[in-house]
Amino acid sequence: MTDKPVDSRTPLTLLGTGDMGTALARAWLAAGHPVTVWNRTASRAEPLAAEGATVARTAAEAVAANRLVVACLLDDASVGEALDGAPLAGRDLVNLTTGTPGEGRSRAAWAAARGARFLDGGIMAVPPMIGAPESGGYVFYSGSPELFEEHRDTLAVPAGTRYVGADPGFAALHDVALLSAMNGMFAGVMHAFALIRPEDIAPKDFAPLLSGWLTAMAPAVHQTADQLESGDYTKGVVSNLAMQAAGIPTFLRTAEEQHVSPELLTPYLELMEKRVAQGHGDEDGTGMIELLDLRRGGNDRP
C-alpha cells in the first residue's frame, strides 16, 4: 500500500488477536510493518507468528517492544487490565476497543497520567473489510492530533482514517451514533420482512424493493441536519408529523392482520403521537429529537 522501503515502515505492537485484531495484524504485516502481538489466550496469537509477527509472552513485554501500541480488546476494562503495570511512558497508545465516549475520555486521562499520548478509535468495518482498500471500511479517530498526524500513514494501512477531533470521546460517539442508526434501520427491515412472511411473496423478490426504498429515503438525513442547525423544524417539510401520525393505525392494524408484533415500531410511533399531541404536528420528524434530549426535559418537555 506504500512505496516506502520495508525497513522504514513503523514497527508497532498490537494487543488482542481476536477476529478484528488478527485482521489488523495481517494488514500491517502484509504492508511490511514489523508487528509484535499479544493475546490473553496465547494460542490465538500463534498463527500470526507464521506470518512474521513477533509473539510477546506478556502485555508489558509487547508494550516495551514498540513506541506505537494499538489495543483491540474486548472492552475498556480489558484495556486497563492488560496495560496495568506496562511501561506506557513515551508510548503512543491507540485504542481500537469498542467503548463509550466517557470511556474514551477517561482512558485518555489515564494514559496521559502514565506519560502516553492517546487516540481513541471506532472501527466502521467488519474483519473481512480490513486490508481491502475498496471495501469502504474506515476508522474514526479522536484525541491527540499530533499522534494522529505522526502515525496517519501507518493507521491508514488496514482501513481509511477519519479524524473527528481532539476530544477523545468523539470517535466512540460517532461510532455508536452511526451504529444506533443502523440498528434502527435493521429494526424496520426485520418488521418489513415479518409482515410479508405469511404471504406468497418471495423475500428475494421483496429485498430489492426494500433496499431501493431505504436508499431513496436516506438523503433525508441532510434535511434533518439542516433543520437542527437552523432550529426550524418546519423548514422544507413535505409530509408533516400530523400526516405521518395519521397513518399509525394502519401500521398497527396491518401488523395485527399479519400476526406480527409491532414492538419494533411502537416506541417510535408513540414518540410521534406525543410530539403531535404537544402541538407540533406541522413539523418534520426532527422535532422528536427534543423528546429524546434528557438534558432539556426529554419526554416531559412540552
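Predicted model: local features only at pLDDT ≥ 70, side-chain atom pairs only at ≥ 80, totals over all residues.
How many of the eight residues of helix H4 (residues 76–83) are buried? Residues are numbered from 1 along each chain as its sequence is written, and side-chain values use heavy atoms, without hydrogens or water.

The C-alpha atoms fill a box of roughly 65 × 45 × 35 Å along the principal axes. Of the 302 residues, 41% count as buried, a word that stands for under 20% relative accessible area, while exposed means over 50% and partly exposed lies in between (1.4 Å probe, protein chains only). Among contacts (heavy atoms within 4.5 Å) with a separation of 6 or more, 59% involve residues 24 or more positions apart.

Helix H4 can now be taken up again. Six of its eight residues are buried, and the helix is mostly covered. The buried set consists of Asp 76, Ser 78, Val 79, Gly 80, Ala 82 and Leu 83. Just after H4, Gly 85 takes a positive phi of about 85°.

Leaving aside neighbours within four places in sequence, Asp 76 is in contact with Thr 97, Glu 103 and Arg 107. Arg 107, in turn, lies over the face of Trp 110, at 4.5 Å from the ring centre. A charge is said to sit over a ring if NZ of Lys or CZ of Arg is within 6 Å of the ring centre and within 35 degrees of the ring normal. Another such arrangement places the charged end of Arg 162 over the ring of Tyr 138, 3.9 Å from its centre.

The structure holds four aromatic pairs. Rings of Phe, Tyr and Trp (its six-membered ring) pair if their centres lie within 6.5 Å; planes under 30 degrees apart count as stacked, over 60 as edge-to-face and the rest as tilted. One of the pairs, Phe 148 with Tyr 163, is stacked, with 5.0 Å from centre to centre and 25° between the planes. Phe 148 belongs to helix H6 (residues 145–155) and Tyr 163 to strand S8 (residues 160–163), so this pair ties together parts that are 15 residues apart in sequence. Phe 148 is buried at 2% relative accessibility, whereas Tyr 163 is partly exposed at 30%.

How do the planes of Phe 193 and Phe 206 make their pair edge-to-face? Their planes stand at 75°, with the ring centres 5.7 Å apart, so the pair is edge-to-face. Phe 193 lies in helix H7 (residues 170–196) and Phe 206 in helix H8 (residues 203–217), so parts 13 residues apart in sequence are tied together. Phe 193 is partly exposed, with a relative accessible area of 25%. Finally, ring pairs link Tyr 141, Phe 148 and Tyr 163 into a cluster.

Methods: Helix = DSSP H or I, 4+ residues; strand = E, 2+ residues; numbered from the N terminus.
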